[in-house]
Amino acid sequence: MKKLEEIIKEKEAIEAKLFKLKGVTGVDVGYKYVNGKRTDEIAIRVHVKKKKANVSEKEKVPAEINGIETDVIEMEIHPQVIALKLEEISVFADTNTYSTVKGGISIGPERAIGGYIYTGTLGCIAKDNGSNNPVLLSNFHVMCVDNSWSVGDYMCQPSRVDSGSPGTDRVGSLSRAVLSNHVDGAISTLSGRPSDCSIVDIGDVKGTASATLNAPVRKRGRTTLYTEGFVDAINATINVNYGSTLGVKTFTNQIGIRPNTGTNPKFSQKGDSGSVVVDEDNKIIGLLFAGNDDGYTYINPINYVLNELNISICTKLAKSVIKDFADNKGGRKDFKEKVEKVESKEINKDKLEKIESKEFKEIGEHKNFISDKVDKPITDKLDKPFDGGKLREINPGILNPGIKNPGITNPGINNYLEQRVADLENMMNSMSAFIGQELRPDLSSGALNREDDINKAQEKMNKDIADSMG
Amino acid sequence: MNNSEKANQVLEEIKSKVEKNEFFSGIEITSINKKEVGTEDVCVRVLVNKKDVTHADMGIPKEKDGIPIEIVNRTIEAQSQ
């Protein structure tokens with residue numbers, strides 16, 4: 001057997017000649033393969049696009065070259081690059097991870113669909129009218145992609161296309177989705193990060209509005225970032241091509257946006273889906289979902305989006321009300337401490353009622369801070385914990401068993417405590433929908449959110465009560 | 001009837017004629033631009049998926065009840081990546 005160096009020299013000598021044969025894509029030195037299995041024989045290997053049964057003697061690779069065996073291997077070699085159209089390259093796409101989640105940033109599902117990963121834009125923070133929890137608004141075709149979606153599909157920010165990692169960059173999970181004649185929308189829960197009712201490069205959202213022809217508008221999306229345009233069409237019926245999986249869908253009553261070519265050649269491009277479009281007053285008029293190569297864009301009217309997804313837009317107004325509340329009266333922490341005090345320490349009914357009525361009064365005073373424009377559920381939520389409920393129902397015999405009924409244990413104490421803890425948990429969860437997470441770091445992952453923590457709290461309360469009885 | 005209401009009425013009439021056409025990709029109301037500035041005058045715009053489609057191809061007039069009808073080649077796709 002010849003030495004490897006000799007085989008390489010022979011290969012280099014014959015290489016040019018071999019490349020002149022039809023269909024040859026490469027020549028190298030390596031192990032010879034027989035029936036798909038590697039042998040120990042080193043050979044001069046000739047790669048061809050396609051092996052053919054009948055090859056003329058002239059075009060045939062010789063079985064041996066100067067005593068060195070040859071091997072013909074079927075292989076076409078491609079460069080390992082992805083070819084993209086120049087216009088599709090989004091050099092300036094925002095692929096950042098945001099520690100505070102807000103509108104106008106990259107988002108996408110963690111799961112791969114048919115071997116592909118997808119990206120779009122998180123339009124803005126909204127409020128789920130069902131749970132009152134904050135949610136992330138984007139498109140159906142961004143969060144669900146096709147009909148293989150499920151409630152609970154994880155979302156990551158930035159999207160996987162933008163180097164987001166499943167788990168590490170998880171920001172919530174799919175909650176609801178709609179693909180109707182009016183709306184291409186979806187919402188995800190928010191978890192693990194605080195949120196802000198603003199849009200990057202645009203600022204605070206001030207509510208919603210309807211579209212007026214020729215009105216100037218703007219948006220902030222993951223791909224083209226901040227762009228300006230004009231309402232160019234209303235009452236649009238359009239057929240939108242969603243590709244092979246969803247096909248062509250028809251939408252009615254849509255809004256067309258032409259780019260303001262003085263500031264940007266295109267209003268949107270691929271990857272901007274899910275952005276919200278706002279008017280000059282920062283009021284949202286629609287949810288961006290479709291467009292063409294020229295940057296002409298279509299949006300779902302925001303009123304359809306809110307109705308069909310059963311959500312409300314998160315505005316700074318609501319947050320500032322709560323912030324005023326916090327600033328003026330020491331905030332929720334103080335309130336929480338008082339509630340905990342009631343929970344664990346107070347066994348005197350008079351004192352208890354005094355604290356309760358004080359809390360009630362304080363909240364009542366703060367109703368003055370609530371604007372008429374704030375979504376109604378805010379007042380609902382502030383009222384709810386203080387509607388006179390459980391605290392007034394406490395049996396004196398339970399509160400002062402050692403005094404009035406010595407030796408009597410309370411068979412209902414555990415139930416009462418469970419109910420009380422559950423009420424408090426509900427109250428905290430409900431109120432948290434309206435308070436920026438930066439204002440409630442001790443509550444967003446709070447002690448009352450998990451069953452084991454609730455049990456611990458209950459044990460502590462039991463012990464405190466037992467101590468006070470002793 | 002004002003200009004906008006009339007345009008809506010024309011849109012509905014034209015839509016029923018064109019929405020089954022093979023070239024149809026959309027229909028909308030838009031303002032008429034003069035020197036790239038939008039005016040208060042509106043027209044109905046029929047969107048088609050092919051260049052050089054004519055009013056005759058779509059079986060529609062160029063104007064109806066004083067509302068101009070234009071044809072624009074535009075294919076619309078979802079904007080995710």
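Author: A:Y154 has A:S173 of β11(A) opposite to it. The two strands involved, β10 (residues 154–156) and β11 (residues 170–179) of chain A, run antiparallel and are joined by three bridges. Strands (E, at least two residues) and helices (H or I, at least four) are DSSP runs numbered from the N terminus, and two strands pair if DSSP finds at least two bridges between them. Strands of a sheet pair through backbone hydrogen bonds, either parallel or antiparallel.

This is a predicted model, in which local features need pLDDT of at least 70 and side-chain atom pairs count only at pLDDT 80 or more, while totals for chains, interfaces and linings use all residues. Residues are numbered from 1 along each chain as its sequence is written, and chains are lettered from A and ligands numbered from 1 in the order in which they are written.

Strands β10 and β11 belong to an open sheet of eight strands in chain A, with the order β7-β6-β10-β11-β12-β9-β8-β21 and antiparallel pairing. At its edges stand β7 (120–122) and β21 (311–313) of chain A; each has a single partner strand, so one side of each lacks a neighbour in the sheet.

Strand pairing also links the two chains: β19(A) and strand β5 (residues 76–78) of chain B pair in the antiparallel sense over two bridges. Here A:A290 has B:A78 as its bridge partner in β5(B). Across the whole interface, 36 residues of chain A are in contact with 21 residues of chain B, contact meaning that C-beta atoms, placed from the backbone, lie within 7 Å. On the side of chain A that touches chain B, α2 (140–143), β16 and β19 (284–291) of chain A give two or more residues, and β16(A) gives the most, with 11 residues.

Chain B itself has two helices and five strands, which run α-β-β-α-β-β-β from the N terminus on.

The largest nonpolar core has 84 residues, and among those that touch the most other members are A:C124, A:L136, B:I14 and B:V44. Such a core is a set of buried Ala, Val, Leu, Ile, Met, Phe, Trp, Tyr and Cys residues joined through C-beta atoms within 7 Å; buried means that 20 or more other C-beta atoms lie within 10 Å of a residue's own, with C-beta atoms placed from the backbone. Strand β16 (residues 225–241) of chain A gives the most to this core, with seven residues.

Technical notes
A residue is buried if 20 or more other C-beta atoms lie within 10 Å of its own, exposed if 12 or fewer, and partly exposed in between; C-beta atoms are placed from the backbone. Two residues are in contact if their C-beta atoms, placed from the backbone, lie within 7 Å.
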